[in-house]
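Here is a short report on one protein chain. It covers confidence, strands, cores and charged pairs.

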Amino acid sequence: GSRGGVGATTVAMNCAWLAANQLQRKVCLVDMDLQLGTVALSLDLDPGTGLRDALSDPDRIDEVFIDRAVVKASERFAVLGGEEPLDDALIIEPQAVRKLVTALGESYDTIFIDMPTRLVVAQPDLLAVASEIVIVCDLSLASLRDVNRVRRFAGAAGIEARQLIVANLVGTRKGGQIAKADFEKGLDGKIDCTIPLDTKSASAAANLGVALASDSRSAATAALSALTSTLIGTKPGKRSFWRLKRK
């Protein structure tokens, strides 16, 4: 996410859900915010404990470990996350994410990672395993500034993966929104996808512990479906991995 509150986790979760349920991929969604992540909570799942062990001791990662660590939301959709104490000092070994992605790739053909921006800033090499980087923003002036900052940061770190910019929560909302055309004038690129705000459907999904995209009537679902197809194609096939950063 370009900054907090733009809905990056919601976008990641719904694209992963659509990849599994609409495109019939076998998907794992990894929530790298081990202390404050909300992916499992939003899907009414137990967050599990395996991700911390994998990141702090990558030598433990193998097919058996992965099978025990993930939490199955359905036959095709699994979540890997955590809910660690706030006062714990979490350690991520340099090669842990790469090894984790490689191991997950043995069982899942599509991997989504919801990545806190603060973690990317601390360890920019974590982006090196991504084939797609999705930067989520809203149409605020602050988001415009921070999208450009994130893109420049990734470039300076030598990250070569394709970057897509997703404007989320577009529509009536408290606080000023810049017109899309004006927003793009200030970008180091174009907006690749626009997702409308649908407060009613989003609230209903949150209360039920399900993905917003499960509501085919929501205006946001069509946009999320299009984004998912852009990222991984419309048919099962080539394996893909993309990382979505969140502050």
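## Strand S3 and its partners

In strand S3, Ala78 is the bridge partner of Lys72. Strand S2 (residues 71-72) and S3 run antiparallel and are joined by two bridges. Two strands count as paired if DSSP finds at least two bridges between them. Strands (E, at least two residues) and helices (H or I, at least four) are DSSP runs, numbered from the N terminus. A hairpin of four residues leads from S2 to S3.

S3 also pairs with strand S1 (residues 27-31), here in the parallel sense and over four bridges. Phe77 of S3 is the bridge partner of Val27.

Both faces of S3 (residues 77-80) are covered. Phe77 and Val79 are buried on one side, Ala78 and Leu80 on the other. Buried means under 20% relative accessible area, exposed means over 50%, and partly exposed lies in between (1.4 Å probe, protein chains only).

## Model and confidence

This is a predicted model: local features need pLDDT of at least 70, side-chain atom pairs count only at pLDDT 80 or more, and totals for chains, interfaces and linings use all residues. Residues are numbered from 1 along each chain as its sequence is written, and side-chain values use heavy atoms, with hydrogens and water left out.

The predictor's confidence in each residue is pLDDT, from 0 to 100. Its mean over the chain is 89, and 93% of the residues reach 70 or more. Residues 236-247 stay under 50. The model has 76 contacts for that stretch beyond four places in sequence. Contact means heavy atoms within 4.5 Å.

## Nonpolar cores

In soluble globular proteins, nonpolar side chains tend to be buried together. A nonpolar core is a set of buried Ala, Val, Leu, Ile, Met, Phe, Trp, Tyr and Cys residues joined through side-chain atoms within 4.5 Å.

The largest core has 47 residues. Val30, Met32, Leu55, Ile66, Leu100 and Leu104 touch the most other members. Helix H5 (residues 96-104) gives the most to this core, with six residues. Leu100 touches Leu51, Ala54, Leu55, Ile61, Ile66 and Leu80, not counting residues up to four places away in sequence. A second, separate core has 36 residues, including Val6, Cys15, Leu29 and Ile232.

Leu86 sits in the loop between S3 and H5. Leu86 is exposed, at 64% relative accessibility. Beyond four places in sequence, Leu86 is in contact with Gln35 and Leu36. Leu86 and Leu36 are 50 residues apart in sequence, and their C-alpha atoms are 8.1 Å apart.

## Salt bridges

Side chains of opposite charge can pair when their charged atoms come close. A salt bridge is a side-chain nitrogen of Lys or Arg within 4 Å of a carboxyl oxygen of Asp or Glu. By this rule there are eleven.

| Arg3 | Asp146 | 2.5 Å |

Asp146 forms a salt bridge with Arg3. Asp146 lies in helix H7 and Arg3 in the segment before helix H1 (8-21), so the pair ties together parts that are 143 residues apart in sequence. Asp146 is buried, at 5% relative accessible area. Arg3 is partly exposed, at 26%. Arg3, Arg145, Asp146 and Arg149 are linked in a network of salt bridges.

Arg52 is partly exposed, at 24%. Glu84 is buried, at 14%.

Asp59 lies in the loop between H3 and helix H4 (63-69) and Lys99 in helix H5, so the pair ties together parts 40 residues apart in sequence. Asp59 is exposed, at 65%. Lys99 is partly exposed, at 33%.

## Asp138

Where is Asp138 placed? Asp138 is in the loop between strand S5 (132-137) and helix H7 (141-156). Asp138 is buried, at 10% relative accessible area. Its side chain makes a polar contact of 2.6 Å with that of Ser140. Another polar contact, of 3.0 Å, joins the side chains of Asp138 and Ser143. A polar contact is a pair of N or O atoms within 3.5 Å; within protein, one must be able to donate a hydrogen and the other to accept it, and residues adjacent in sequence count only if both atoms are side-chain atoms.
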